[in-house]
Structures are given as C-alpha cells and as structure tokens.
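Hi,

Here is the structure I promised to pass on. Please have it open while you read my notes below.

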Amino acid sequence: MTTTIIENKNSRQDLWNSAKNLAFPTAIWRLPRQTEKHFLTSFGEIPQQSKIDFEELGAGFAFSPFVNPDGNKTFFLKADLHYIFNTNGPTQNELIKEVITPSSLNPHFVELMNGIHDKPAVNGVKNVDIKQTSKQDFIDLVEKGIAEIENGVFQKVVLSRTKQIILPADFDIISIFDKLCETYTSAFVSAVSLPHLGVVWIGASPETLVSQNSKGIFRTMALAGTQSAYDADGNLIKPSEALWRQKEIEEQSFVTRYIINCLKKIRVREFEEEGPKTVIAGNLMHLRTDIIIDTVAINFPQLATVMLDLLHPTSAVCGMPKIPATEFILANEGYDREFYSGFLGPVNMQSSEGQAESHIFVNLRTMKLQENIATLYAGCGITADSSPEKEWNETEMKTQTLGKVLNAEF
Ligand SMILES: C=C(O[C@@H]1C=C(C(=O)O)C=C[C@H]1O)C(=O)O
C-alpha cells in the first residue's frame, strides 16, 4: 500500500469544528467493509449544484435530495481538501494520506488551519416543536396507499415517516460517526454538513445506487424486503436460514425488474445478476440482488452517469410505476423528505491505494440534525398484501438502526 503516516496532524474533530465555524460544506465517510475514514471539505459557503457526470466532474462528494427529476439539484462538494485516516491504529486520528492538500498560500486553507483549535460554535438550545408522524397518521397513509394499489394506480409505493428526538447538549458528530462505523461494518457511514442550510445529515446506508471502480466495474443492487435479524429469543438469525413471505419476495422483485428495465432502455444486455440473497443490515435483514457490469468489456464508460440518471429514485424508495408513486408520496406523506431517500457518496475520490472510484448510495437509515433536534426517517414498501400495523413496526425497527447508537429512549 502506498500510504504514508503523517505525524502530529490535526484530529478529525479539530478539522470538522474548524470547517463548521467557517461554514465550509464538509463530508466524512467510510465505505462498506473498509477501515479508512475520509474527510473532505469544500471552500466557500454554498456548494455548486449540478448533475453528476462521473466523467466530467473532478473529485468531490455528491448529495442529492429525493426530489431531483433532472438531476441538477444535486449538491457537489468539490474536494478542496481530502484526507484519509485509519483509526484502527494506536491513536484515534491516524492520518494516512493527504490526498488533496491546498497550497499553504490558499487563504481558505490558512483560515481552516488557523481555526483548528477553536471550540465548535455552540448552537443555542432552542424550544422547538417536535413534528413527527403519529402512528395513526402513518396507518391511515398506508391504508390510502393500499386503496390506490387496489384501484390500479400503482403496484407498489414506498411510504415513510419521521421521528424526532432532542439531542443531548454534548452531542458530538465524530463520536456518533465512529460508533456507527464500529456497529455497522457493512454499511456506508457518512456525515454531511451543509452550513448554508444549517443541517448535518448522518447515517449508515445499506444500499448502493451506483458504483464504479478504477477497473470500470459497475455495480448496482435491488434491496428490499425487511425483517428483524433476530428471532423471538433475541438470537441472530443466520441469513441462510431466513424465511421470506411472498409479499417480500414480490416487493424485492419489483426493484430488480425496475433496474433491468433501465438497462433495457439503454440496450445493455451483458450483465451479471447475483441473488436474491439474504443480507444483514444492522438489526435487520433484507433481500438483495446484485447487478454487475464490466463497462470496459461492453465499451460503455459513461454507464454509471447514465444509470444514475435512470435509476433514481428506484422502486426501493419510491414505487412502481415511478410517476404515480412519486405523485402519491408528494401529495400524501405530509412532510418534505429533503435528502432522505436521495443519494450520496464520493465521486472520483481516491482510496489510500491511489485509485479514483465513485460510490453512490441511497440515503437511508439516516437522520437530519438541525439545532438540537434529530429527525430520523424510515420508510417501507407497500404492496397489495401489506398490513398497516406490520409496516409501522418495520419503520420502528428501521429507526432503531440509528436510535441504538444514539442511546436514545426508543
Ligand atoms: C425505505 C427504506 O428502505 C428501503 C425499503 C425496504 C423495504 O421496503 O423493505 C428495504 C430496504 C430499502 O430499500 C428505509 O430504510 O427507509
């Protein structure tokens, strides 16, 4: 590995605080099954908004809301500074690579480094109203969704809800991020700070939307169907022994079919399909089919760009067909999903081994932090066979993925 350990550097905490005080958009992340933790900051207060074109854009971090029909509402946090840490070493902040370090004359870099020992700006604790979806409202929403399926408006719709908690005064993003990394080794763990909106989004997503490695291997997945990963006695169920009902099998096959239809639109026939298999995501299990394509072999270097455009939002977070499902969500959920069920991830970013890769995930098992309130989001796929009470329980389990790490009363 071409890693260099750089001694006596500033901690991730210091960098995060300094960037926050300067209102620089910032992202930290850890890819599934990896140990490297990335830190990126973008100088200037408002990140650019543009369509994600993997071939045209340089290195950065993409962050898209759920509603983004033409793709140009995606924030792109340009990597003005990119450091890689490996926190498995003796100290918590082992910097292993400065991938992009601005010139020491760059005034923003000077500001960032000068602010490194400043305390984080404290948001005054405000009296905020808790606004979250009640159980009855969610049950009514699911019943309405099922009625529309029976009316033939759509076959599947993904309906979601929010849950809010008040954060403790000593709430610390880097510690929660590290805890999520430890607890969910196979998730994409990230925290994104958008100071111009006054928010930080933090989460542990189980779902790849598109990824492309340095050898041109493209991947996406159909992830759906949910059950607890634990049996009634609290023992972890072996994925190979999981039993699935027809409802979940059908719900997941809608997503696979949707992806394959997108590939058909662009006449890509050479793909590998693996699954569906049972995968563990934190406290839950899902059904997952992987789709893998060698873009070099089929001479389609722009596949990830084209597929990102076609896929989002997939029927794992929206529904089938897409347009009536989206209309139903927007008209009935009763709140703005904002970045929940949008997408996020590093674009053309190097690993410590020096290869540029892009990994975009669906923004799930996520929460928005604003002032001293955390808003958690969870949704579930509704089909003709859904039971509203079971769907409510499923969203409760999904919010526990983050809730467990927050030590909140759930
Ligand atoms: C919508 C969410 O998750 C999605 C919906 C699933 C389902 O309906 O079973 C499972 C995994 C995800 O694709 C969520 O976590 O909020």
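**What I found**

Let me start with strand β20: 9 of its 10 residues are buried, so β20 is largely enclosed by the rest of the structure. Buried here means that 20 or more other C-beta atoms lie within 10 Å of a residue's own; 12 or fewer makes a residue exposed, anything in between partly exposed, and C-beta atoms are placed from the backbone. Strands are DSSP runs of E with at least two residues, helices are runs of H or I with at least four, and both are numbered from the N terminus.

Two housekeeping points before going on. This is a predicted model, in which local features need pLDDT of at least 70 and side-chain atom pairs count only at pLDDT 80 or more, while totals for chains, interfaces and linings use all residues. Residues are numbered from 1 along each chain as its sequence is written.

**The sheet**

β20 belongs to an open sheet of 10 strands, with antiparallel pairing and the order β7-β6-β2-β1-β9-β10-β19-β20-β8-β15. At the edges stand β7 (95-100) and β15 (319-320), each with a single partner strand, so one side of each has no neighbour in the sheet. Two strands pair if DSSP finds at least two bridges between them.

On one side, β20 is joined to β8 by 10 bridges, the two running antiparallel. Within that pair, Val 158 stands opposite Gly 381, and Gln 164 has Thr 375 as its bridge partner. β8 is itself largely enclosed by the rest of the structure, since 9 of its 11 residues are buried. β8 also runs antiparallel to β15, through 2 bridges; there, Lys 156 is partnered with Met 320.

β20 also pairs with β19, in the antiparallel sense over 4 bridges, and Leu 369 has Ala 374 as its bridge partner in β20. The hairpin of β19 and β20 has 2 residues between the strands, and Glu 371 takes a positive phi near 55° there.

Helix α8 (residues 388-406) lies across β8, β10 (199-205), β19 (366-370) and β20, at about 145° to β20. Axes are lines fitted to C-alpha atoms, for helices over the stretch in contact, and angles run from 0 to 180 degrees between N-to-C directions. Lys 390 lies in this helix and counts as partly exposed, with 13 C-beta neighbours inside 10 Å.

**The ligand**

Which residues are closest to the ligand? They are Thr 226, Ala 316, Leu 364, Gly 379 and Gly 381, out of 17 that surround it (near means a C-beta atom, placed from the backbone, within 6 Å). β8 (156-166), β12 (217-228) and β20 (373-382) each supply at least two residues of this shell.

**The core**

The largest nonpolar core has 105 residues, of which Ala 62, Phe 177 and Val 189 touch the most other members. Such a core is a set of buried Ala, Val, Leu, Ile, Met, Phe, Trp, Tyr and Cys residues joined through C-beta atoms within 7 Å. Leaving aside neighbours within four places in sequence, Ala 62 has contacts that include Ile 52, Phe 76, Phe 343 and Ile 360; contact means C-beta atoms, placed from the backbone, within 7 Å.

Best wishes

Technical notes. Two residues are in contact if their C-beta atoms, placed from the backbone, lie within 7 Å.
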